[in-house]
Structure formats: structure tokens, C-alpha cells
Amino acid sequence: SLAELRWNMALSRGLRCCQRVFSWIPVLIITAVVLWSYYAYVFELCLFTITNTLEKVAYLLLFHVCFVMFSWTYWKSIFTPPASPCKKFQLSYSDKQRYEMEDRPDAQKQILVEIAKKLPIFTRAQSGAIRFCDRCQVLKPDRCHHCSVCEMCVLKMDHHCPWVNNCVGFSNYKFFLLFLAYSMMYCIFIAATVFQYFLKFWEGVLPNGPAKFHVLFLMFVALMFFVSLMFLFGYHCWLVAKNRSTLEAFSAPVFANGPDKNGFNVGTRRNLEQVFGENRRLWFIPVFTR
């Protein structure tokens, strides 16, 4: 009935709304940890514990450089919209009518083959057919995949990352890699500079107080995050060197002559340039250079 249909639609909208709200929880957790680390390092360590003025100024200066670069790359990873296929990959009105009116799967596949001849599409589905997204009504460009969370087709999709609440792909892969790199730098800088005071608090050289808890916990958290980030960053460095996405590492892209895991590999230097751009002076700055 009409009432049931309206109820189902309202329920569906409510569930999507809840999903959007809950999807920000991992980002809020990371933000809370980083804000705490800022307070613990700047106030409890530098301002309240360190007595040497020169050491205090040097630590604060270098810490804020790391903090700004980490925050900048994290922001760009979260709020850079995923890139979707341009209009030329969408079915025209006449092609769409012809495709939808055809009941035979083989005939539908042939229609897509005819349309794809005009487009720079070289990859195929596992069955050998032209890759087509029924939900977005687009012929998928090479390396494009549909994200069920973002509800859109994403160019060169790598994965959907809950920690940035965004799809990692063509538009923000550089930002994601820099985020991992600057996160590691942030953690290792904290661990290296906190270590001597960690030992002093641990051995009882410095008096007990609120700073002790913050400094001890800073050391453990920084090392824990560094180790986990190191493995993830190393894996993505390997992917970049091979010019593969995470999805392609699990399932090799299929071309007209069959699957080829090295189908996009054009050499390490050019593979790096496809992610970071040709201007090497901008490689470590979170601006779009693809």
C-alpha cells in the first residue's frame, strides 16, 4: 500500500542518515587522540616539564611543523571529494533507451561494446564484457569502481577508508599517502623527544604529577601508532612502485587478452609521477599535482 511504501522510504532515509552519522566516529576518535597529544606534548611536556629554554623552543617549533603537515594532509584526505567519471562515459538518452529496451543479455553486451569503441576503455569485467555500472548508468573507465558506501563510481578507486570517512582514489591518493607519511613523522618525533623524559618519570627521577601520566602514555601511543602506520605505509609504497591499487592487488585487472597484474606498470619513476605529478618540488606538499 501507499502507507507501507512511505514508511519504507522513511525508514531507508533514516538508516542512511544514521549510517552517515556513525561513519564519522573513526574520524572523531583520531581527532580526539591528536588533540590530546597536542595538549600533552605542548603543555604537560614542553611548558610544565622541560626546564631548558632552548630545548623547549626547539621542540615546540619542530612539533608544530609536524602537527601542521599532519593536520593539513588529514584534512585533505577527508574533505577532497572522490572523482567520478565525466559525462562522456554516461549513456546518451538514445543509447540508454536502446539498452533498457533490449531484454537479451548478449544484445545488451553488444550495445555496450559499440559505445565503448568511442571511449578510451581497455579493461574488461571478469566475464570479458564491458564494465558497466547499473546504479550510476556509466561505462566504467579503466580502474574505476563503484563504492557502495559513497554510492558513486570512483576513478582509480583504491579503497574506502573509514579513518578518513572517504574513498581513496584518483583525487586524493597523494593526500592519503602524505597523511600516512606525516603521521609516521609526527609519531616518531614525539617518541624520540619524549623518550628521555619517559625514562626519568619511569625511574622516579622526576616527581609524580599529571605530567607523568601524559608523558608515559604519549610514548606508548606514539610507538603503537607508528608501528601500525609503518606497515600500512610500506604496503602502499609497494603498490605505488608497481602502479597497482589495493583492489588490483587482490584481483588483477582484466584486459581484452586476459588478466594482467602488471597491466598499468610503466616503470617506477613514471608510476610515482602518476600519483605525485612531474614537479618533484610539490611531491611532499598536499596540493593536487596529478
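In the predicted model of the protein chain, residues 24 or more positions apart account for 60% of the contacts (heavy atoms within 4.5 Å) that have a separation of 6 or more. Because the model is predicted, local features need pLDDT of at least 70 and side-chain atom pairs count only at pLDDT 80 or more, whereas totals for chains, interfaces and linings use all residues. Residues are numbered from 1 along each chain as its sequence is written, and side-chain values use heavy atoms, with hydrogens and water left out.

The secondary structure comprises nine helices and nine strands, where helices (H or I, at least four residues) and strands (E, at least two) are DSSP runs numbered from the N terminus. The radius of gyration, taken over C-alpha atoms, is 25 Å, well over the 19 Å given for 290 residues by the globule rule, so the protein chain is more spread out than a compact globule; the rule itself is 2.2 Å times the number of residues to the power 0.38. Along its principal axes, the C-alpha trace spans about 80 × 60 × 25 Å.

Of the 290 residues in the protein chain, 44% are buried, a class defined by under 20% relative accessible area, with exposed meaning over 50% and partly exposed in between (1.4 Å probe, protein chains only). The accessible surface, computed by the Shrake-Rupley method with a 1.4 Å probe, comes to about 16,600 Å², and 66% of this area belongs to carbon and sulfur atoms.

Strands of a sheet pair through backbone hydrogen bonds, either parallel or antiparallel. Here, three strands form an open sheet in the order 1-8-9 with antiparallel pairing, a pair being assigned if DSSP finds at least two bridges between two strands. Strand 1 (123–124) and strand 9 (258–259) stand at the edges with a single partner strand each, so one side of each is left without a neighbour in the sheet. Strand 8 (residues 254–255) pairs with strand 9 in the antiparallel sense over two bridges, and Val254 has Pro259 of strand 9 as its bridge partner.

Most residues other than glycine have a negative phi. Gln137, although not a glycine, has a positive phi of about 60°; this residue is placed in the loop between strand 2 (132–133) and strand 3 (138–139), and at 18% relative accessibility Gln137 counts as buried. Glu151, which is likewise not a glycine, has a positive phi of about 60° and lies in the loop between strand 4 (145–147) and strand 5 (152–154), where Glu151 is exposed, with a relative accessible area of 52%.
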